[in-house]
Amino acid sequence: MNDRAGRRRARRMAIGTAVVLALAGMNGPWLYRFGSEKYHQYKIDKQEYRAENGRWEIVDFPEKYRQNTIHAALLHTGKVLLVAGSGNDQDNFDAKQYDTRIWDPVKGTVKKVPTPTDLFCTGHTQLANGNLLIAGGTKRYEKLKGDVTKAGGLMVVHNENPDEPITLPAGTRFTGKENGKTFVSKDPVLVPRAKKNFDKETGEFLGNTPGYGRTYVEAQKEGAKHQTGTQDNYTVQGLSGEDARNTYGIAEKLALDKKDFQGIDDAFEFDPVAEKYIKVDPMKEARWYPTLTTLSDGRILSVSGLDDIGQLVPGKNEIYDPETKKWTYTDKVRQFPTYPALFLMQNDKIFYSGANAGYGPDDVGRDPGIWDVETNKFTKVPGMSDADMLETANTVLLPPAQDEKYMVIGGGGVGESPKASEKTRIVDLKADSPRFEDGPSMDKGTRYPQASILPDDNVLISGGSEDYRGRGDSDILEARIYDTAKNELRRVADPLVGRNYHAGSILLPDGRLMFFGSDPLYGDKANTKPGEFEQRIEIYTPPYLYGENPQPELAGGPQTIEHGESGTFTSKDAASVKKVRLIRPSASTHVTDIDQRSVALDFETDGDKLTVTVPESRNVVQAGWYMLFAVTADGTPSKAQWVQVP
């Protein structure tokens, strides 16, 4: 390009900028007709705007690496595990096409990982050794009422033999004694032996309590005439002698009603270094939509989910021991809706915020409260506003974790309800009598809001939709930062992509946030076109990374710090550090991120040395890998150093 051409190009660019600025000053129709998009882009690209509002950008993977990401977890390698399973796609499920990707946000690389089974709608949590425990998933997709061709449902099989259990194979036929209709089991079922009962004082034999097992059955033929309307007893074909007399089935109505998803009992640990799934012992119960919560001793509590016949697991909870790789039932029964928001408290008990992701009766297990798993005592926490709209709400442990304050954000009515709440509610569990109080409200009722803890102790709240799964084109392209010190919400830059069902967010080690997923029911405002799964990843760079000062440096130091012990890091900016935070990496799905927490560390500085001390409490700092951030007075965080607290 010669000098004259360069001067002409520079002059055209200057004129174009002047026109945009002039139109902006007019604030009239010309701006909207000719300049609005250019001016908006000009405005959000300005350093001053970014320093106040942050910036969003889209990461669009090459087509061969795209997937319907349902779950995501930050690994201690700095990479992100993106799990789709069948990706809410029946065709993928039928073809046994299950997907997992590992994304390196620093190098920008994406890698496919072999996926052993359908981990769609699984549960997950970080383990002390840095592996990710993944348990549950999909055995069968739901069938809507109009798609069900064979009557079916639950068959409870009884065994009155006190001496022997009995196993019935898949394909066993059950015939009703009254209705005469025959149904066929889809899976094998083990029926335990009956229990002998004796009087505790006299020793007198009182009779047997039958053992029972459950299996899903379907009619042999299609059509409404094969439905049943009432309960009936069923004989088991193929048995003879004592087995025939001792074994029978009982079923309620077997009909062409909607059939829910069915869960699996498979469990795996994902190894971030080897980058592969490692199979461990299966759970005692099949679970679809379960919650996994880490306990103070490093064991994992698994709660709720739909079982292998599509019914809510009836309060049978279990615990995984990472040392033995085995599961055991808890002593007591307590039922929750699926994906309940359950958090370990500093007193060893479990806080249930009332938020959940869906399935379950609308009058069972939905009250917020404090649960003592050992005694099974449950103490309700009062004061929740919009208490009937906690489905698809988000719950976040506000930083720092030592304060034990929780925020419940938005939510909607049970099932496909159009109701949505604009409320935020805050509870201080250290208060003498904990009670929810309303925090600042959002502009709109919001289902599926994402909430991400930031190293400066604030929380980014973004996305969601006003209606069930974005129905009626109701995605909310808004984001706000919640200031924990001021108890205020402040609007920041708008996201570029709508996020509703099957979406999530994760804090990255460099202080940015990534957002994934979204599964709208429809693709238009009139609800006439099917929705398309959102495969793009979006990155939000918060305002603190656009300030006048660069990120403080943080280097060196130990990779392991014991509870109650200290570690020293190097930073030429040590004198400007005002707080240090230890943030547990996220494992996010279905507006549920139980792992997310930010712990305040005591620290001292000496020249370029920064010495930090980890709290002694294993309830505050659960064993595992953490991101260590040093934060300056203006809220600018360093890039994280990875530290393991064993």
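**Pairing and burial in the strands**

4 bridges join strand 30 to strand 31 (residues 405–409), and the two run antiparallel. This is a predicted model.

Me: Why are strand 30 and strand 33 said to stand at the edges?
Reply: The sheet is open, with the order 30-31-32-33 and antiparallel pairing. Strand 30 (394–397) and strand 33 (437–438) each have a single partner strand, so one side of each lacks a neighbour in the sheet.

Me: How do you know that strand 2 pairs with strand 43?
Reply: The cut-off is at least two bridges. Strand 2 and strand 43 (residues 587–588) are joined by 2 bridges, running antiparallel. Ala 73 stands opposite Ala 587 of strand 43.

Me: What pairs with strand 2 over 4 bridges?
Reply: Strand 3 (residues 80–85) does, in the antiparallel sense. His 71 has Val 83 of strand 3 as its bridge partner. The hairpin of these strands has 5 residues between them, and Gly 78 takes a positive phi near 90 degrees there.

Me: Why are His 71, Ala 73, Ala 72 and Leu 74 called buried?
Reply: Buried means under 20% relative accessible area. His 71 and Ala 73 point one way from strand 2, Ala 72 and Leu 74 the other way, and all are buried.

Note on methods. Residues are numbered from 1 along each chain as its sequence is written. This is a predicted model: local features need pLDDT of at least 70, side-chain atom pairs count only at pLDDT 80 or more; totals for chains, interfaces and linings use all residues. Side-chain values use heavy atoms; hydrogens and water are left out. Buried means under 20% relative accessible area, exposed over 50%, partly exposed in between (1.4 Å probe, protein chains only).
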